[in-house]
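This report describes selected features of helix packing and nonpolar cores. Please consult the sequence and structure shown below.

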Amino acid sequence: MHPSDTTYGGVFYQSYPHLYHGPWNELFRYPDSSYPIEQLPSDLHAYHHYLKLLGPLHPRKKDLIPLIKKAMDGEYSAISCYKQLEHLAPTQKEKKIIHEIRKDEIRHLNTFSAIYTQLTGKKYDPKISEKCPNEYKSGLDFAFCDEQNTVDHYLDISAQTDNKYIKEQFTRAASDEQNHAVWFLYFLNRGISRS
Ligand SMILES: [Fe+2]
Ligand SMILES: [Fe+2]
């Protein structure tokens, strides 16, 4: 037994290896497990190291750049398309939900732009990658398929990086897109039952 190991109330507590003590908060751990619960660093500079945003660019991350650019083009196109869909929507409820979806896309674009700038030191001007149809029903159909494909694309990006921040942002965006897809499918079905 290591000198710093203790027992408390009959439970054996193994001391935390000194190797893992960082310059930030003491790490918590489960008494019954050797796996620590990671605690976020308390100061911003250390936090950026934790996110690996201050580290050198990993060679694999270079392959990520075109994928992030594609994601930004997709978000930019969706923002323009959903403005049109919001205008075409037949009910206030649908308009409101499409408006909220559009706000999510703006948030995604801002997040991805920030990631792109962190990785490359440059700013990217997104382009419209695909124009969306002018008619509501075919617009919904287009939006549904696009959201579904976007989920795959974001999960691919997330799987290709070991950067925790990028992983987390793309996984979150993927679940937003999945939620959007379900709304568009619901609107499509309602449109069919109305006609
Ligand atoms: Fe999005
Ligand atoms: Fe979306």
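Predicted model: local features only at pLDDT ≥ 70, side-chain atom pairs only at ≥ 80, totals over all residues.

Ile 106 belongs to helix H3. Between Ile 106 and Ala 78 the C-alpha to C-alpha distance is 9.0 Å, although 28 residues separate them in sequence.

## Packing of H4 against H5

Helix H4 (residues 136–160) packs with helix H5 (residues 164–194) at an angle of about 160°, and their axes are 8 Å apart. H4 is therefore roughly antiparallel to H5, since angles over 145 degrees are counted in that way. The crossing of H4 past H5 is left-handed. Sorted by class, the residues of this contact comprise 15 nonpolar, 7 polar and 5 charged.

## Nonpolar cores

The largest nonpolar core has 14 residues, of which Ile 68, Ala 71, Met 72, Phe 112 and Ile 157 touch the most other members. Two or more residues of this core come from each of helix H2 (59–88), helix H3 (92–120), H4 and H5. The most are given by H2, with 5 residues.

When neighbours within four places in sequence are left aside, Ile 157 is in contact with Leu 64, Leu 67, Ile 68, Ala 71 and Phe 170. Another core lies apart from the largest one; it has 12 residues, including Cys 81, Cys 132, Ala 143 and Phe 184. In soluble globular proteins, nonpolar side chains tend to be buried together.

How values were computed:
Residues numbered from 1 in each chain as written. Chains lettered and ligands numbered in written order. Axes fitted to C-alpha atoms, helices over the stretch in contact; angles between N-to-C directions. Helix = DSSP H or I, 4+ residues; strand = E, 2+ residues; numbered from the N terminus. Parallel < 35°, antiparallel > 145°, perpendicular 65-115°, else oblique. Left-handed = near helix turned anticlockwise from the far one by under 90°. Nonpolar A, V, L, I, M, F, W, Y, C, P; charged D, E, K, R; others polar. Core = buried A, V, L, I, M, F, W, Y, C linked by C-beta atoms within 7 Å. Buried ≥ 20, exposed ≤ 12 C-beta atoms within 10 Å, placed from the backbone. Contact = placed C-beta atoms within 7 Å.
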